[in-house]
Amino acid sequence: MEIQNQLIEHLKGKTNGKLVMTPKQLAEEIPISPKQQSKLREEKKFPIPHQNIGRNVYYSIFHIADFLLTGSVQQTAEPEVKLKKEKTAPKKVNPQTSSVNLSHLFLLRAFAGNLFAQAEEITNLAENILKYQNSAEMVERFSEKFKPKGTIKDGEESDGKI
């Protein structure tokens, strides 16, 4: 729990005390560009829940922290937040404090997903190659068995008649 609190404080520092991040800010924490995030959101494959407000997209820092720590997001991870605007000075992040960078988990998960997709494509390709090979052999056998009229079969000699 201490690591999660430290991570949340780190994320708050990145957002100047706000509890939400933009896709651009999230791209600094996990190596996925805002454009790629958008594509994944459209395909409903992006693992971190988002909230659209007008044309803008926001991610809760609680969901981000939960994802970075566990690799998944629990929908109840975000505590109740009062909607009052409090005027507090943003906390400055001390560069000497160590923060845990767990973006490698997201990369590893994406890498495994890509490997699975490529393995599936290779399996489909192998099946299609076998089908093609079988159909080419069938065409070859058919053309040997049923030669067009006027051609000489192996072992037969032409008697001069066509």
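This is a predicted model: local features need pLDDT of at least 70, side-chain atom pairs count only at pLDDT 80 or more; totals for chains, interfaces and linings use all residues.
Me: Hi! How many salt bridges are there by the rule used here?

Reply: Hello! The count comes to 2 salt bridges.

Me: Which residue does Lys12 pair with?

Reply: Lys12 pairs with Glu9, and their closest N and O atoms are 3.8 Å apart. Both residues sit in helix H1, which covers residues 2-14, and they are 3 residues apart, about one turn of the helix.

Me: And how exposed are Lys12 and Glu9?

Reply: Lys12 has a relative accessible area of 26%, so it is partly exposed. Glu9 is partly exposed too, at 36%.

Me: OK, what about Glu29, which residue does its side chain meet in a salt bridge?

Reply: That would be Lys14, with 3.6 Å from N to O. Glu29 belongs to helix H2 (residues 23-29) and Lys14 to helix H1, so this pair ties together parts that are 15 residues apart in sequence.

Me: Is Glu29 buried or exposed?

Reply: Glu29 is buried, because its relative accessible area is 12% and the cut-off for buried is under 20%.

Me: Switching topic: what volume does the second largest pocket have?

Reply: About 350 Å³. Its lining is made up of 13 residues, and Gln36, Leu40, Lys45, Ala110 and Asn114 are the ones nearest the centre.

Me: Which helix gives the most to that lining?

Reply: Helix H5 does, with 7 residues. Helix H3 (34-42) and helix H5 (103-145) each supply at least two.

Me: How does the lining of that pocket split by class?

Reply: There are 7 nonpolar, 3 polar and 3 charged residues.

Me: Nice. Which residues make the nonpolar surface patch of about 310 Å²?

Reply: Leu108, Phe111 and Leu115 make that patch. Leu108 is found in helix H5, and with 53% relative accessibility Leu108 counts as exposed.

Me: Last one: where is Phe62, and is Phe62 buried or exposed?

Reply: Phe62 is in helix H4, residues 61-70. Phe62 is buried, with a relative accessible area of 9%.

Me: How far apart are Phe62 and Asn5?

Reply: Phe62 and Asn5 are 57 residues apart in sequence, while in space their C-alpha atoms are 9.4 Å apart.

Notes. Residues are numbered from 1 along each chain as its sequence is written. Side-chain values use heavy atoms; hydrogens and water are left out. On a 1 Å grid over the protein atoms alone, a cavity is a set of points where a 1.4 Å probe fits but cannot get out, and a pocket is an open set with protein on both sides within 12 Å along at least five of seven lines; lining residues have an atom within 4 Å of a point. Grid points are joined across faces, edges and corners, and a volume is the space filled by probe spheres set on the points. Helices (H or I, at least four residues) and strands (E, at least two) are DSSP runs, numbered from the N terminus. Ala, Val, Leu, Ile, Met, Phe, Trp, Tyr, Cys and Pro count as nonpolar, Asp, Glu, Lys and Arg as charged, and the others, Gly among them, as polar. Patches are made of residues with over 30% relative accessible area and no salt bridge: like charges are joined within 9 Å, nonpolar side chains (Val, Leu, Ile, Met, Phe, Trp, Tyr) within 5 Å. Accessible areas come from the Shrake-Rupley method with a 1.4 Å probe; for residues, only the protein chains shown count as cover. A salt bridge is a side-chain nitrogen of Lys or Arg within 4 Å of a carboxyl oxygen of Asp or Glu. Buried means under 20% relative accessible area, exposed over 50%, partly exposed in between (1.4 Å probe, protein chains only).
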